[in-house]
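Thanks for coming, everyone. Let me put the model up, and then we go through it piece by piece.

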Amino acid sequence: MTKTRTVSRNRILGVPLPAGRSGVDLVISALRIIIVALIIIGAGNTLLEGRFTFEQWLALLFAGLAQGSIYALIALGYTLVYGILRMINFAHGDVFMAGAFTTVFLANSFRHSGFLDSQPLLAILILMGFAALVSMTVAVLLERIAYRPLRNAPRLVPLITAIGASFFIQYTFRGLFGSGFKAYPTVAFLRGTFSVGSINVPIAQLFVFLSAIVLMLCLYWLVERTRIGKAMRSVSEDKEVATLMGVNIDLIIVFTFAIGGALAGAAGVINGLFRPQGVNFFMGFFPGIKAFTAAVLGGIGNIPGAMLGGMFLGVIEAIGPNLVLNGLGIPSANQLKDVIAFTMLVLVLIFRPQGILGERLSAEKA
Amino acid sequence: MSRILFQVIVFLVLGALASGSALAQGQGCDDAIGCVTLRPDDPVTIAWMQTVSGPTSFFGDDAVGGIEIAMEQRDYTVLGREIELIGEDSLCNPEGGQTATQRLVSDPQVVAIIGPSCSSAAVPAIPIASNAGFLMLSPMTTSSALTNPDRESGGVWMPGFFRTVYNNLLEGAVAAQFAYEELGARTMATVHDGSNYAFDLVLATERNFTEFGGEVTFSGAVNVGDTDMTAILTNIASNAPDVLFFPIFQPEGDYLVAQAKFIPGFEDVIMLTADALLVEGFPIDSGESALGVMLTGPAVTGEPYEAFLELWFDKYGEAPPSGFHAHAFDATNMLLDALEAIAVTDEDGTTLVGRQALRDYFANYRDFEGLTGTLSCSPTGDCGAVESMVIFVITEAEVYEGKWPPTILWKPGSENTG
């Protein structure tokens, strides 16, 4: 008397699907259409309403690009480590915090001594170097103490360790510097705005964007054009073959963590010059999550992808709530900024599961 | 059959143990809800319950600092006994409040709880502490629901809950009156951060502002953890109000103030915030963009407060991380005074602290002179000094010379400005 019901992959609600299409495909297609339609309707309504001026949109765009640059710099650390070790270093946001938080004291002493105002570029370079050094040290120690002993453990183990390490770093710095907020000094030449016609862009935002681009180009050159970069790529391709070719895997992994850490530390200072407030032991948490999202968005393991993903996420966060959610009549649109960011992640991943620039990973890599 | 017999025996043994311990506890205690019994060598256990981890830990550190300084001034001694100060992390959310309270009320030696830090943690904490007979004394939860006993209108107050900080209803009324009558504002935009405190204060202010005849043109929110405020500021600027009221904390408040000056259309908007940003770090961290920002908050000033700040600097080496240390200091002193007043010591050296007696003493507290002003408790737990609510303004002295507390601009009921 028992009835067995077989659900065919190729039938949905009893209706046969066109050849080669499964129910999952259909749901995903429907999801794509719904999300795209919502975005078009929301954006259309907002633009037709004409509530915001062209200058206001541009201001949002530049703020988004600057914020995205910070995400991108942190995302590079996630993507580099993932490329080499296939693990998500969830403590990377705290590596960023370590550099930013430690350097805030040096930055303020530079301001008090007048060095920051007399030699701003030199002072900023020193600050970035110092922060990079601090973050690099933390990242290398992290690899040595928390991850290396677990290199051959199941993949979940280093992931959980990373979360533990994240708490450990946070509360170590809280113990060192307290739980209050600190702020970076504002640098005189970054205060103004750069004007073309009626368009005004704060110089701080341009500075952040350009410094991030320079750092990313340096990284790209390092990975693509140098011997050690070649070694990094070979370890990423296949560790065993790389070992056979005489590549010192431990050294390459430490180097990768060091580079990722240094970029995060530099990002900490750039972030401080752009958004001076809010320097605190917890400041790495949210940027860490956003940067991880950016890395996945761009295609994790892919360096230009992390840059693009970061910029994309920054711009979408800045423009999305006002453009799409306002047009859909959603109240408190700005509180839903993260919803926009993560919806974009879903949208990109249902169109391109490998991320914007990601390659399809082979079974071994994934 | 044997199983039933076993259950009966277990029941009887447990009953005997319980009544025995009740006898031991209650010997000589005629308090309606029980006593804390302190044998001759027992310390007096007082607990703080604050958010001391995670992104809001600066509140907890602020309060714990105030509590510790108050106790140090009395050499950690009350009733001739040593004070044992214990702590529990209640975070800044309902789960934390619930867990921390459960842990503290499971220790019958805890005389009273100083906390929690956040209104959201207080909502589940109040019934647990109240039903267990504890006194819960909060130095920083201002939500109006906490001292409202009327369940119909969302109140959660229960006997045993008191606070040394003022009620949001008071602060909202002052903010709205100042905006409408003194600033001449007719349109207002508000921004909260989703916290119980900010949302409640925004509602109180909006209600009062509308009653005066003003119009609320925008009500929005940011997330705790947001750094980029450009989007919401652009939205507000697209229909620029006379005044923006944003009772949010550091660092979101810092970001909002610092970024507003870059937003086209924001040039003439008056920035009004609340005691959430009444922190010495706010003008220093926000720099010149904080110039002209106004704040509602308690006028905690005067020589005793200056002396307190010096003690703080000596102990911690930097400014207090938030604006509620003085309320925590007052709460601790009120509690210690109350203990001295109600505890009864036998001839054999055993001290009894009646839990209902402690609550009653608080309900009848009148004119306690503290750092935050003169505190008198209402029957439903509002002890905050009401006369001290003023409007501050951030001037160059606060931004560049580290002057603190800031300049008082206006007091309710007075005509003087400046």
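How many bridges join strand 3 of chain B to strand 4 of chain B, and do these strands run parallel or antiparallel? There are two bridges, and the strands run antiparallel. Strands here are DSSP E runs of at least two residues, helices are H or I runs of at least four, and both are numbered from the N terminus. Two strands count as paired if DSSP finds at least two bridges between them.

Ground rules before we go on. This is a predicted model, where local features need pLDDT of at least 70, side-chain atom pairs count only at pLDDT 80 or more, and totals for chains, interfaces and linings use all residues. Residues are numbered from 1 along each chain as its sequence is written, while chains are lettered from A and ligands numbered from 1 in the order in which they are written.

Back to that hairpin. B:Thr77 has B:Glu82 in strand 4 as its bridge partner. Two residues lie between the strands, and B:Leu79 takes a positive phi near 55 degrees.

Now the sheet around it. Six strands of chain B form an open sheet, ordered 3-4-2-5-6-7, with mixed pairing. Strand 3 (77-78) and strand 7 (161-163) are at the edges with a single partner strand each, so one side of each has no neighbour in the sheet. Strand 2 (residues 44-50) and strand 4 (residues 81-89) run parallel, joined by seven bridges. Among the partners across that pair, B:Gln50 goes with B:Asp89. B:Ala47 goes with B:Ile86.

Helix 11 (residues 325-342) of chain B lies across strands 2, 3, 5 and 6, at about 155 degrees to strand 5. Axes are lines fitted to C-alpha atoms, for helices over the stretch in contact, and angles run from 0 to 180 degrees between N-to-C directions. Contact means C-beta atoms, placed from the backbone, within 7 Å.

Strand 10 (residues 243-245) and strand 11 (residues 270-273) pair in the parallel sense over three bridges. There, B:Val243 stands opposite B:Ile270.

The axes of helix 5 (residues 168-182) and helix 6 (residues 196-212) of chain B come within 8 Å and cross at roughly 45 degrees. That makes the pair oblique (under 35 degrees is roughly parallel, over 145 roughly antiparallel, 65 to 115 roughly perpendicular, the rest oblique). The contact has 10 nonpolar, five polar and two charged residues. Classes: Ala, Val, Leu, Ile, Met, Phe, Trp, Tyr, Cys and Pro are nonpolar, Asp, Glu, Lys and Arg charged, and the others, Gly among them, polar.

Over to chain A. Helix 2 (residues 54-85) and helix 12 (residues 303-325) of chain A pack at about 145 degrees, axes 6 Å apart. That contact has 17 nonpolar, nine polar and one charged residues.

How do the chains meet? 35 residues of chain B are in contact with 31 residues of chain A. Helix 7 of chain B gives the most to its side, with five residues. That side has 14 nonpolar, 15 polar and six charged residues.

Last, confidence. pLDDT is the predictor's per-residue confidence, from 0 to 100. Chain A has a mean of 88, and 92% of its residues reach 70 or more. In chain A, strand 1 (residues 11-12) is lowest at a mean of 56, and helix 5 (residues 120-147) highest at 96. Residues 362-366 of chain A stay under 50. Where pLDDT is low, the predicted coordinates should not be read in detail. For the complex, the predictor gives an ipTM of 0.78 and a pTM of 0.83.

Note on methods: Two residues are in contact if their C-beta atoms, placed from the backbone, lie within 7 Å.
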